[in-house]
Amino acid sequence: MAEHTVSPSSTIVVHHLNDSRSQRILWLLEELEVPYEIKKWERTAEKVAPAELKKIHPLGTSPVIQDGDLVLAESGAIVEYLITKYGKGRFSPSEAGWVDNLYYSHYAEGTLMPHLVNVLIFTIIPDRAPLLVRPILRMAFNTLISQMIAPRLKLNSKMIEDHLAKNPGRFFAGGENVTSADFQMVFPLEAWLTSTTGVAPVGEHTRKFLEIVHARPAYQRALEKGGEYNYA
């Protein structure tokens with residue numbers, strides 16, 4: 001079942017799935033101060049999006065936004081679209097931070113999230129297997145995580161930490177204002193901090209970045225409107 005929350009005079013509809021990437025879109029819209037509607041969708045017992053979402057977009061995933069006749073999926077595309085159309089020059093990086101913003105806007109989903117998703121999958125599979133084979137599968141997948149994924153995550157952790165340490169207390173493009181890189185990076189870092197730190201640690205500057213984001217009034221409003229979110 002979906003729940004519809006409406007803001008006055010809104011044109012944008014966000015199809016928001018609990019505990020998902022769509023939370024970053026709510027944060028962005030609150031920063032933009034653009035009227036929007038939220039259509040809330042709940043995960044099934046299998047922790048996936050309901051099949052009804054395929055009526056909105058063929059892949060049936062979240063986030064998806066509707067803006068007039070436009071239907072747009074993919075977090076990165078949505079973030080770029082909203083900033084370009086409604087940002088009025090805000091949330092754009094400085095010339096010096098342009099390349100960092102470009103890199104981390106794509107790195108978040110292109111490199112970092114696949115590692116975190118692999119940890120999740122390798123953890124879930126043994127728990128859903130027949131009881132007799134669970135110990136064997138758990139041992140095998142734990143070995144995969146420790147030997148293949150953990151070293152890569154540690155490299156990623158060091159790169160992120162070293163990058164943020166260059167400009168302490170600032171954002172991924174190196175400035176004092178959030179950009180698309182921050183909207184993209186927040187979800188994988190939240191997921192990492194809440195569920196994957198046992199595989200690879202999250203550094204001090206990375207934690208500080210999340211604290212700064214979480215303290216922003218727009219982020220707090222997005223949490224209040226979005227409902228259940230276990231990563232903040």
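Where does Glu 74 lie? Glu 74 sits in the loop between strand E5 (70-73) and H2. The model is predicted. Its mean pLDDT is 92, and 95% of the residues reach 70 or more.

**Confidence**

- Confidence is highest in H1, at a mean of 98.
- Strand E1 (residues 2-5) has the lowest confidence, at a mean of 51.
- Where pLDDT is low, the predicted coordinates should not be read in detail.

**Backbone geometry**

- Glu 74 has a positive phi, near 75 degrees, and is not a glycine.
- Glu 74 is exposed, because its relative accessible area is 56% and the cut-off for exposed is over 50%.
- Lys 47 is another residue other than glycine with a positive phi, at about 70 degrees.
- Lys 47 belongs to the loop between E3 and E4.
- With 58% relative accessibility, Lys 47 is exposed.
- Ser 62 and Pro 63 are joined by a cis peptide bond, with omega at about 10 degrees.
- Pro 63 is found in the loop between strand E3 (36-41) and strand E4 (64-67).

**Salt bridges**

- Side chains of opposite charge can pair when their charged atoms come close.
- The count of salt bridges is nine.
- One of them pairs Glu 109 with Arg 21, and their closest N and O atoms are 3.0 Å apart.
- Glu 109 is in helix H3, while Arg 21 is in the loop between strand E2 (12-17) and helix H1 (22-32). The pair therefore ties together parts that are 88 residues apart in sequence.
- Both ends are partly exposed: Glu 109 has 24% relative accessibility, and Arg 21 has 26%.
- Glu 109 also forms a salt bridge with Arg 24, at 3.1 Å from N to O.
- Arg 24 lies in helix H1 and Glu 109 in helix H3, so this bridge ties together parts 85 residues apart in sequence.
- Arg 24 is buried, because its relative accessible area is 2% and buried means under 20%.
- Another salt bridge joins Glu 31 and Arg 216, with the closest N and O atoms 2.6 Å apart.
- Glu 31 is in helix H1, and Arg 216 is in the loop between helix H6 (204-214) and helix H7 (217-226). The bridge therefore ties together parts 185 residues apart in sequence.
- Glu 31 is buried, at 11% relative accessible area. Arg 216 is partly exposed, at 22%.
- Arg 21, Arg 24 and Glu 109 form one network, joined by salt bridges that share partners.

**Aromatic pairs**

- There are 12 aromatic pairs in the structure.
- One of them is Phe 91 with Phe 183, whose ring centres are 5.9 Å apart. Their planes stand at 80 degrees, so the pair is edge-to-face; the cut-off for that class is over 60 degrees.
- Phe 91 lies in the loop between helix H2 (75-86) and helix H3 (98-128), and Phe 183 lies in helix H5 (residues 180-195). The pair therefore ties together parts 92 residues apart in sequence.

**Cavity and pocket**

- Rolling a probe the size of a water molecule over the atoms shows where empty space is left.
- The whole structure has one cavity of 30 Å³ or more. The largest cavity has a volume of about 40 Å³.
- Residues lining the largest cavity include Leu 164, Asn 167, Arg 170, His 205 and Phe 209.
- The cavity lining divides into three nonpolar, three polar and two charged residues.
- The second largest pocket holds about 160 Å³ of space.
- Among the residues lining that pocket are Phe 91, Pro 93, Glu 176, Val 178 and Arg 216. Phe 91 also pairs with Phe 183, and Arg 216 forms a salt bridge with Glu 31.

Notes
Residues are numbered from 1 along each chain as its sequence is written. Side-chain values use heavy atoms; hydrogens and water are left out. Rings of Phe, Tyr and Trp (its six-membered ring) pair if their centres lie within 6.5 Å; planes under 30 degrees apart count as stacked, over 60 as edge-to-face and the rest as tilted. Helices (H or I, at least four residues) and strands (E, at least two) are DSSP runs, numbered from the N terminus. A salt bridge is a side-chain nitrogen of Lys or Arg within 4 Å of a carboxyl oxygen of Asp or Glu. Buried means under 20% relative accessible area, exposed over 50%, partly exposed in between (1.4 Å probe, protein chains only). On a 1 Å grid over the protein atoms alone, a cavity is a set of points where a 1.4 Å probe fits but cannot get out, and a pocket is an open set with protein on both sides within 12 Å along at least five of seven lines; lining residues have an atom within 4 Å of a point. Grid points are joined across faces, edges and corners, and a volume is the space filled by probe spheres set on the points. Ala, Val, Leu, Ile, Met, Phe, Trp, Tyr, Cys and Pro count as nonpolar, Asp, Glu, Lys and Arg as charged, and the others, Gly among them, as polar. pLDDT is the predictor's confidence in each residue, from 0 to 100.
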